Every structure is written in C-alpha cells, then in structure tokens.
Protein chains: 2
Amino acid sequence: MAEVRQDAVSGRWVIIATERAARPHDFHVGRGGPRGGFCPFCEGNEDRTPPEIAAVRPAGGRPNGPGWQVRVVPNKFPALQPGAEGYDRGGSIHRVVGGHGAHEVIIESPEHLLSPVQLSPERFALVMRTCRDRYRALIEDERISYVLVFKNVGERAGASIEHTHSQLIAVPVMPKRVAEEMRRCEAFYRDESECLFCSMLAEELDVGERIVADCEGYVVLSPYAARFPFELWVLPKEHHWHFHELDAAQIGALARVLHEVLARLEACLREPPFNYLIHTAPVSDGEAEHYHWHIEVIPRVTHVAGFEWGTGFYINPMEPEAAARHLREVSDEELRNRNAAALAVETTSVESLAGKEQL
Amino acid sequence: MAEVRQDAVSGRWVIIATERAARPHDFHVGRGGPRGGFCPFCEGNEDRTPPEIAAVRPAGGRPNGPGWQVRVVPNKFPALQPGAEGYDRGGSIHRVVGGHGAHEVIIESPEHLLSPVQLSPERFALVMRTCRDRYRALIEDERISYVLVFKNVGERAGASIEHTHSQLIAVPVMPKRVAEEMRRCEAFYRDESECLFCSMLAEELDVGERIVADCEGYVVLSPYAARFPFELWVLPKEHHWHFHELDAAQIGALARVLHEVLARLEACLREPPFNYLIHTAPVSDGEAEHYHWHIEVIPRVTHVAGFEWGTGFYINPMEPEAAARHLREVSDEELRNRNAAALAVETTSVESLAGKEQL
C-alpha cells in the first residue's frame with residue numbers, strides 16, 4: 001500500500017510506493033561518458049571563458065592563465081547580469097523586475113573531471129570555500145535578495161558542459177521555495193519555541209532508519225517525504241542559518257561529509273545524473289535565525305510528469321528508509337577504490353601543475 | 001537584458017531571457033518514433049490491462065472486448081488505490097495519510113496513435129467527455145480531496161507507454177499547487193471584487209500579443225510569466241470554476257480548441273514531448289467560486305536543473321510574446337495537412353472496427 005507523506009519543511013505531499021521493493025539498479029539511468037571535443041573549462045583554455053572573477057592559485061600565477069585549482073567566471077550565457085536596470089513595475093495584474101543579479105560558474109578542477117567525487121576531499125573543500133567566498137561577496141549588494149549555489153551533473157540534470165562545475169545565481173527577488181521554508185520554520189518556532197530542523201534532526205537520529213551518515217557535526221539523511229529516489233539532505237547538527245558564516249574547519253568537515261555521501265550515491269546508482277543546492281537564509285530577513293541552512297542532493301533518475309506539475313505532489317517509487325539502508329551498505333572497499341581513483345587523478349594533476357609552473 | 005516576471009496566479013518568478021532571439025527550432029528535441037513491440041493499449045489486447053472501469057462503445061459490445069473508441073482502466077502500477085486504509089497520522093514532526101485514492105488510465109484510441117492530434121476533433125471530444133465523466137464519478141467519494149486529469153506525451157514528459165492516453169489521479173489531501181492558486185484567487189477577489197483570471201483575460205485580450213487563439217468561448221494564451229518555452233494556458237472566457245460541469249456543447253468546443261492548439265504546437269516544435277493538465281476547483285472548498293478552471297500545456301523541451309529545484313524560479317529562454325507569435329503563424333495549409341493525416345487514420349480505424357464487429 002502506498003503512503004502519502006507530508007514534508008514538514010515545505011508542506012508538500014509525496015506518494016511513497018511502499019509495496020514494490022525497488023532496488024538501486026532500477027534507477028541506473030547512466031550519466032553518459034565523456035563526450036570528447038573542446039572544453040572551455042580545461043586548464044590552458046582560460047581565454048575561452050569570460051575573464052575570471054576569482055580563482056584559487058596555491059602557487060600564485062596570473063589571472064586568466066594556468067596554475068589554478070578552482071576558477072570562477074561569469075556564465076557566458078547569463079540568466080541575470082550585474083548592472084542590468086533594476087526597476088520594479090507592477091501593472092494591474094502583472095509584476096516585473098529588472099534583471100539585475102549575477103550568474104557565475106565555479107570551475108572545480110583544471111583537469112577534465114566529470115564529478116566532484118573525482119576530487120580529493122581536500123580539493124573539494126577548496127570548491128566549497130570558493131562558493132562561500134562568492135556568497136559573501138555577492139550579498140554585499142543590497143539589490144540582491146538571494147544567492148543560490150547549485151550543481152548540475154549530467155545532461156539529464158541540466159548540465160550543458162560536462163567538466164565538473166557549480167553555479168551561482170543571485171536574484172533580485174526572494175525565491176518562492178525559500179520563502180515557503182522560512183515561513184514554515186517561523187510558524188513552527190512560534191508554536192514550539194524550537195527550530196523545525198533541529199526538532200526533526202533529534203527525531204531522525206532517535207529513529208535512525210533514514211540516517212545515512214552522522215559525523216563531524218553533520219547529519220546526512222534521506223528525508224521522510226523524499227520527492228525522489230535517493231534524495232538526501234545534509235544538515236549541520238548545530239543550529240545555524242547562514243552557510244556563508246562557516247569557518248575553514250567547518251568547510252573542511254562539510255566537504256568530507258558531502259564528498260563521502262556523493263561517493264556512496266555514485267557507487268549505489270552507478271554515476272547518476274544529479275543536482276545539489278545550498279539552502280541558506282537570506283541576509284536581509286529578520287526571521288532568518290529560525291531557519292537552518294542545509295544542502296539538498298537530488299538524483300535525477302525518474303521523470304517528473306504531468307501529475308507533479310499539476311499538483312506539486314511527487315510520486316517516489318523508493319522508500320527513503322530503503323534508500324538510506326542501501327547507501328549505508330556501500331562497502332568500505334568500494335569507497336576506498338573510488339578514493340584511490342580520485343587520488344590517482346590528484347597526483348597527475350599536481351605533477352602537470354608543477355610542470356606548467358616551470359615554464 | 002533579462003526580465004524577472006511574476007506569475008499572478010501562482011506567485012512564482014520567472015527569468016525571461018529577452019536578449020537572445022530564440023527560434024522554434026532551438027527547441028526541437030524530438031519525441032522519438034514508434035518503439036514497436038507489444039502494446040497493451042491496442043484494440044484486441046484488452047485482456048492485458050486490468051478490467052475496464054468505463055468505455056465508449058458507439059456500436060455496443062461487451063466490456064473488455066474490442067469495439068471501443070475510448071477505454072478507462074485502472075493503472076497497472078497505481079500510485080494510489082481505492083480502498084487503501086484511510087488513516088491520517090501526525091507525529092511530532094511528520095504527517096502521513098493512507099494511500100486511498102485512484103489512478104486511472106484513459107486510453108484515447110483503439111489504434112496505436114502517438115498523439116491526440118492524430119484523432120479528429122470529434123473523437124478527441126469523446127476523450128474529454130470521458131475525462132469529465134470519470135471526474136464526476138470520483139468526486140462522489142468524500143475521502144477524495146482532489147482529482148487531477150493529466151497527459152504525458154513522450155518519454156521525456158514521463159510517458160512510459162507511447163500509445164496515446166491520459167491519466168487521472170485522485171488524492172486524499174489537497175495538492176499544494178492548487179491550494180496556492182486558490183489562495184491567491186481568493187485574496188485577489190477580496191481586494192478587487194473580481195476573479196483574478198477574468199481580470200487577466202481582459203488585460204491579455206486588450207494587449208493581444210500573447211494570445212494564440214480566441215474562439216468558441218475559449219482563449220489560448222502564452223502566459224506572461226511562462227515557465228517553459230511555448231507553455232500555453234487554455235481558459236474559458238466565461239467565469240467558471242468546475243471543469244466537470246461542462247455540458248456536451250462546451251466539451252465539443254473545448255476539444256476543437258485544444259486540438260487546434262496542440263496541432264499548432266506539434267507543427268511549430270515538430271512533435272515535442274509535452275504534458276497538459278486540468279486545473280479545476282475542488283468540490284468541497286467553500287471558496288471554489290473565486291477560482292477559474294483552465295488547462296496548462298507544458299512542452300518539455302528544456303531541462304529543469306538545480307536552480308529551479310532550489311528556488312521555484314524558472315529560466316525561460318523564449319519570450320512568451322514570441323512563442324505566441326510563432327504559434328499564430330503556423331500556416332493553415334500545414335494545419336490542413338495534419339488534419340488530413342488524422343482523418344486518414346480515422347477512416348482506417350472505422351473500417352477495421354467494422355471488420356472486427358462482423359467477426
């Protein structure tokens with residue numbers, strides 16, 4: 001029998017098919033191998049992107065030249081741009097706001113890697129730190145209402161370039177989904193004098209069956225009303241509402257936890273297409289402290305169809321409890337092998353970097 | 001420069017890329033041709049679906065045998081089922097409801113057609129009438145909160161069987177998206193003493209640039225804050241909140257208008273994958289009369305990625321004004337050719353049907 005579960009954070013309903021015992025291989029849709037051809041994100045092709053906004057160059061070097069580990073550039077086809085006219089016009093029915101904002105690409109490696117799991121956790125920490133720093137820079141702009149950091153991996157998840165990268169879009173109005181979560185967090189706090197996420201975390205840790213990892217101050221769980229098979233949330237155990245206030249140690253721990261859980265996901269679903277995104281409180285909102293920042297990981301292994309578009313309901317053919325169990329059961333050996341592959345990439349990269357620096 | 005537009009009905013924001021002049025062929029993603037193999041929806045294979053719930057048999061005939069034009073069967077893998085335990089349990093955080101509901105398939109033709117556009121408008125009216133009748137039957141059940149009729153065409157739009165069909169899911173709780181639209185309609189009515197949709201329709205007809213069709217009591221338009229390229233709404237001009245109260249003449253007119261607009265869409269985007277869905281007021285809600293039923297048509301020619309999941313924002317690379325213009329410009333000749341092809345199918349079908357009846 002199916003169950004209809006409500007997500008406490010968003011209020012949305014999900015039909016969880018509990019009768020069919022779905023297995024991970026039911027969701028092996030594949031991401032597609034390397035497509036070949038020219039890649040504007042590879043080291044040496046810096047002149048093929050718009051000029052860089054920021055970069056991590058551990059051994060120094062000129063902007064827009066080689067020698068970087070992480071590089072931030074404006075999106076070549078930006079959804080929004082800094083300096084666009086910032087009007088706000090309401091008609092009798094329609095409201096429209098000018099396209100002031102930002103759309104940046106965080107290129108996560110100089111090598112042509114297809115997933116952040118191919119980076120070592122230390123290099124992945126450089127990526128997360130760069131995201132935090134860009135977040136910090138962009139929220140200085142008062143006309144920006146919200147900054148979203150997100151990642152698309154695989155064409156089916158919306159990635160048009162396969163070279164591993166994240167993106168960031170800064171928008172001039174408050175996004176609906178975040179506003180909705182904030183509203184529900186505020187209402188819960190008013191009623192219960194406690195953070196909704198903290199309360200949920202306590203219950204989930206107590207029950208245990210949806211927990212995938214619990215270490216270094218972070219919990220990874222498959223949410224009770226997961227929309228998608230193997231959907232995951234990464235939450236800090238300590239209550240905090242702003243991702244951009246993480247210090248170096250917290251970023252390092254986050255990168256290790258997220259890296260491990262993505263490695264488990266890739267092992268379980270054989271390199272699935274996926275998205276992840278960082279939900280953090282806006283800077284300007286007075287009720288921000290009721291919120292609890294977190295990361296949502298969304299494997300893209302099923303199709304969203306007319307029913308979902310029409311209702312905001314989702315149908316999830318995989319029980320979150322079973323998904324969590326499969327992810328916990330990925331063997332240490334498999335994770336070690338994947339890490340070894342990542343480190344092999346690493347060594348090559350450090351050598352080629354050293355070679356380039358001698359030029 | 002991009003524009004950030006707000007949809008008055010749902011409150012969601014859409015980034016409309018107005019600088020790149022996108023053309024219809026930028027969105028030719030294809031639907032995939034006939035996949036071949038066994039089809040459980042074709043005439044003669046009635047024993048390969050669960051026993052039928054309803055059927056249109058103009059020349060009579062036994063249930064679950066041939067001779068039908070439209071056939072309704074339970075979904076073989078139902079998301080929800082009649083008679084499932086109807087509990088409603090709230091924990092400290094999580095809420096869950098039993099899976100009582102219905103999940104039906106409306107098979108739209110005995111022939112192996114891939115799109116409702118291949119039906120004549122008259123036969124398409126039989127399909128719409130059947131949807132209305134199933135809607136009427138299901139809302140009799142007090143435990144049902146909402147019934148959604150929807151259609152998935154093409155694998156990318158979530159269709160697992162290519163033979164043209166619609167689906168219907170009856171759910172035991174009120175869907176979020178409909179509740180949201182109802183709330184905004186009610187608020188608008190409170191402020192303006194007028195229906196939000198009626199008010200929008202008047203403004204859109206006045207401006208004209210987003211109108212695709214205006215005939216037989218229906219307006220088809222590309223909404224001001226369209227989420228997707230070539231998204232369309234079909235709205236009755238006269239204010240009404242319940243789809244299921246349409247009479248035979250109104251169903252006939254709706255079928256003709258929707259058929260024409262889908263033919264235009266197929267001509268313009270070369271048989272795109274798409275969804276459509278019927279948004280109607282729930283029967284039990286006291287505020288239903290502020291609502292305005294309508295159909296949303298969603299071509300699935302772009303990917304939804306991390307940004308959309310994270311914010312509820314959409315990025316639409318095609319101005320709705322340009323989309324409406326392209327759809328208006330589909331030539332009468334092209335539409336006539338497509339109708340002729342549909343009628344050819346029709347003739348064959350009537351013959352084969354007659355043949356079978358003589359057995």
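Here is a short chat about a predicted model with chains A and B.

Biologist: What makes E12 and E14 of chain B paired strands?

Modeller: Two strands pair if there are at least two bridges between them. Strand E12 (residues 232-236) and strand E14 (residues 294-299) of chain B are joined by 3 bridges, so they count as a pair. They run antiparallel, and Val234(B) has Ile295(B) as its bridge partner.

Biologist: And what is the order of the open sheet they belong to?

Modeller: In chain B, 10 strands line up as E3-E4-E7-E9-E8-E13-E14-E12-E11-E10, with antiparallel pairing.

Biologist: Why are E3 and E10 said to stand at the edges?

Modeller: Strand E3 (54-56) and strand E10 (211-215) of chain B each have a single partner strand, so one side of each has no neighbour in the sheet. From one strand to the next, the twist averages 15°.

Biologist: Why say the copies meet through the same surface?

Modeller: Because 98% of chain B's interface residues are also interface residues in chain A. Chain B puts in 57 residues and chain A 56 residues. On chain B's side, helix H5 (residues 306-311) gives the most, 5 residues. That side divides into 32 nonpolar, 15 polar and 10 charged residues.

Biologist: What makes E6 of chain A and E1 of chain B a pair?

Modeller: At least two bridges are needed, and strand E6 (residues 95-98) of chain A and strand E1 (residues 3-6) of chain B have 4, in the antiparallel sense. So they pass as a pair, with Gly98(A) opposite Glu3(B).

Definitions and conventions:
Residues are numbered from 1 along each chain as its sequence is written. Chains are lettered from A and ligands numbered from 1 in the order in which they are written. This is a predicted model: local features need pLDDT of at least 70, side-chain atom pairs count only at pLDDT 80 or more; totals for chains, interfaces and linings use all residues. Helices (H or I, at least four residues) and strands (E, at least two) are DSSP runs, numbered from the N terminus. Axes are lines fitted to C-alpha atoms, for helices over the stretch in contact, and angles run from 0 to 180 degrees between N-to-C directions. Two residues are in contact if their C-beta atoms, placed from the backbone, lie within 7 Å. Ala, Val, Leu, Ile, Met, Phe, Trp, Tyr, Cys and Pro count as nonpolar, Asp, Glu, Lys and Arg as charged, and the others, Gly among them, as polar.
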